[in-house]
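Subject: Structure for your review

Dear colleague,

Please find the structure below, followed by an account of what was found in it. I would be grateful if you could read the two side by side.

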Amino acid sequence: MVPETLSPRQVQVPQLLAEGRCTKGAAVLLGMRVKTAESHRHHIMVKRNNHDLAGFVRRSVRRGLIRT
């Protein structure tokens, strides 16, 4: 279930990061600029009150935001 507060793109970026892609790789795969992918990642982390990428991925998996 995707929380209503996140856009589809904001869900795709952390999914790719959890799969082991870097931000640049996720951006290329999604056809967006690296800065855009970084912005999505930042906004999600702020919304979810996470301060590091590893914790962000762990919490996202637990909440069902992304799959492993």
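A crossing is called left-handed if the near helix is turned anticlockwise from the far one by less than a right angle, and right-handed if clockwise. Helices here are DSSP runs (H or I, at least four residues), numbered from the N terminus. In that sense, α2 passes α3 in a right-handed crossing.

This is a predicted model, in which local features need pLDDT of at least 70 and side-chain atom pairs count only at pLDDT 80 or more, while totals for chains, interfaces and linings use all residues. Residues are numbered from 1 along each chain as its sequence is written, and side-chain values use heavy atoms, with hydrogens and water left out.

Confidence

The predictor's confidence in each residue is given as pLDDT, from 0 to 100. Over the chain the mean pLDDT is 83, and 93% of the residues reach 70 or more. Confidence is highest in α2, at a mean of 94, and lowest in α4, at 81. Where pLDDT is low, the predicted coordinates should not be read in detail.

Packing of the helices

For the angles below, axes are lines fitted to C-alpha atoms, for helices over the stretch in contact, and angles run from 0 to 180 degrees between N-to-C directions. Angles under 35 degrees count as roughly parallel, over 145 as roughly antiparallel, 65 to 115 as roughly perpendicular and the rest as oblique. Contact means heavy atoms within 4.5 Å. Residues are classed as nonpolar (Ala, Val, Leu, Ile, Met, Phe, Trp, Tyr, Cys and Pro), charged (Asp, Glu, Lys and Arg) or polar (the others, Gly among them).

The axes of α2 and α3 cross at roughly 110 degrees and come within 8 Å; the two helices are therefore roughly perpendicular to each other. On the α2 side the contact involves T23, K24 and A27, which meet V34, A37, E38 and R41 of α3. Three of these contact residues are nonpolar, one is polar and three are charged.

Helix α1 packs against α3 at about 95 degrees, with the axes 9 Å apart, which makes α1 roughly perpendicular to α3. R9, Q10, V13, P14 and L17 of α1 form this contact with A37, H40, R41, H43, I44 and K47 of α3. By class, the contact has five nonpolar, three polar and three charged residues.

Between α1 and α2 the angle is about 130 degrees and the axes are 9 Å apart, so α1 is oblique to α2. Their crossing is right-handed. The contributors are R9, Q12, V13, L16 and L17 from α1, and T23, A26, L29 and L30 from α2. Six of the residues in this contact are nonpolar, two are polar and one is charged.

Buried and exposed positions

A residue is buried under 20% relative accessible area, exposed over 50% and partly exposed in between (1.4 Å probe, protein chains only). In α1 (residues 8–18), the buried residues are Q10, V11, V13, P14, Q15, L16 and L17. They pack against α2 (23–30), α3 and α4 (53–62). After α1 comes G20, with a positive phi near 100 degrees.

H40 is located in α3 (residues 34–47) and is buried because its relative accessibility is 16%. Leaving out residues up to four places away in sequence, H40 touches R9, Q10, V13 and M32. M32 lies in the loop between α2 and α3 and, at 15% relative accessibility, is also buried.

In the loop between α3 and α4 lies N50, which is buried, with a relative accessible area of 9%. Apart from neighbours within four places in sequence, N50 is in contact with M45, G55, F56 and R59.

Two other positions are exposed. G31, in the loop between α2 and α3, counts as exposed at 67% relative accessibility. The C-alpha atoms of G31 and Q15 are separated by 15 Å, the two residues being 16 residues apart along the chain. K24, in helix α2, is exposed at 54% relative accessibility. From K24 to K35 the C-alpha separation is 8.8 Å, at 11 residues apart in sequence.

With kind regards
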